[in-house]
Amino acid sequence: MEEPTLREIFAADFRDRVVHHLLYNFLEPIFEPKFIHGSYACRKNKGIHNSIGNLQTAIRKLTVNHRRVAHYLHLDICGFFMALNKDILFRLLESHLKNPDALWLAKTIIFNNPVKNHAMKGNLSLFAKLPSHKSLFHVPENQGLPIGNLTSQFFANVYLNELDQFAKHALKAKYYFRYVDDFLLLSKDKKELLDWRDKIGIFLKERLKLELHPDKQILGRTDSGIDWLGYIIKPGYMLVRKRIVKNFKRKLFEFNKELAPYQGRVSSGQLMLPFAAAKPPSELVRKILGVVNSYLGLFGHADTFRLRRKIWQNHFGKIFDFLEPADGKLKIARIREDFLARPKRAGK
């Protein structure tokens, strides 16, 4: 995977994914009650937007509706999935799980080494650009989980639940949010946040054999804006991260290049289709629709009406011949009816 950063993804065979779901369905009811409220990744009724909504509520409470100064600390774990220790993970599972069959299956999945039986796909030249610390091909034995498996996502929550419990019960951090290995703490006192950071660093190293990323530690005031899970949370409103806007514009530029050979609409509003080859394949238009609506859906959760209008006007170009806004708020696109209409036969 190239975006947002270059990653090594292991896609399990279909039969293995069925087994992963079987184990997950057994483990989830056991561990879900043990997880804290502030853990948001890969959990039912949680997710990015639930985290953001709760963060906005927490900021308002801490700052008394933005009338008082408060601070935040944004931290990240260095190479989490590659650094995760399998022995520690299995001990954590073992301490809560007594079913011998489930333990055997969990152990089999955890200690399986996917690099020993794999087939490489995709753009193989990208492997040369992947840092060694981000690849399972270079980690020590009994370390690292493959990115891409349902079980890996669930095991990440089991592993980092130890950090969650430490933050909530040892540090007494009232406002703590975690999404995979990204986590955020709020406090009125900047010194308290720095003290928490040092204690978290020691805890991670001693208990979980993990380290805080030295270059991904942000301490700031909540009123200056918090960059969290793709959005910038400001007092009273929310924006989309600039990188995401840039990526959307780049995608639109690439789609316009793909559509360049095809005939678009004429001034009458009808598609000019003298030959079948003049019409772009419906698969291409539907692919573009899916990507456009995924971005518009993400933008729709933030205060971005003017941004969406500007993008529709200035960056859709030829795409606008085949897609149109489905509502007045520009939150969703649809395929134009004149594109879907069958061309009339000659002589009719």
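Hi everyone. Let me start with a term: a residue is called buried under 20% relative accessible area, exposed over 50%, and partly exposed in between. With that in hand, take E254: at 33% relative accessibility, E254 counts as partly exposed. Please keep in mind throughout that this is a predicted model.

E254 has a partner. E254 forms a salt bridge with R250, and the closest N and O atoms are 3.1 Å apart. Both residues sit in helix α8, residues 242-259, four residues apart, which is about one turn of the helix. R250 is also partly exposed, at 31% relative accessibility.

How many salt bridges are there by this rule? The count comes to 11.

E324 meets R334 at 3.0 Å, N to O. E324 lies in strand β8 (residues 323-325) and R334 in strand β9 (residues 333-335), so this pair ties together parts that are 10 residues apart in sequence. E324 also meets R336, this time at 3.1 Å, N to O. R336 is in the loop between β9 and α11 (337-340), so its pairing with E324 in β8 ties together parts 12 residues apart in sequence.

Are these three buried or exposed? E324 is buried, with a relative accessible area of 17%, and R336 is buried too, at 9%. R334, at 41% relative accessibility, counts as partly exposed.

R336 has another neighbour to show you: its charged end sits over the ring of F320, 4.6 Å from the ring centre. F320 in turn belongs to a cluster linked by ring pairs, together with F248, Y295, F299, W312 and F316.

That brings us to the rings. The structure holds 16 aromatic pairs. One of them is F166 with F203: the ring centres are 4.3 Å apart and the planes are at 10 degrees, so the pair is stacked. This pair links distant parts of the chain, with F166 in helix α6 (residues 150-170) and F203 in helix α7 (residues 190-208), 37 residues apart. Both F166 and F203 are buried.

My last stop is R43, in the loop between α1 (14-31) and α2 (48-62). R43 is buried, with a relative accessible area of 11%. What does its side chain reach at 2.7 Å? One answer is the backbone oxygen of S39. The backbone oxygen of I36 also lies 2.7 Å from a polar atom of the R43 side chain.

Technical notes: Residues numbered from 1 in each chain as written. Predicted model: local features only at pLDDT ≥ 70, side-chain atom pairs only at ≥ 80, totals over all residues. Heavy atoms only, no water. Helix = DSSP H or I, 4+ residues; strand = E, 2+ residues; numbered from the N terminus. Buried < 20%, exposed > 50% of the residue type's maximum accessible area, 1.4 Å probe, protein only. Polar contact = N/O pair within 3.5 Å; in protein donor to acceptor, adjacent residues only side chain to side chain. Phe/Tyr/Trp six-rings, centres within 6.5 Å; stacked < 30°, edge-to-face > 60°. Lys NZ or Arg CZ within 6 Å of the ring centre and 35° of its normal. Salt bridge = Lys/Arg side-chain N within 4 Å of Asp/Glu carboxyl O.
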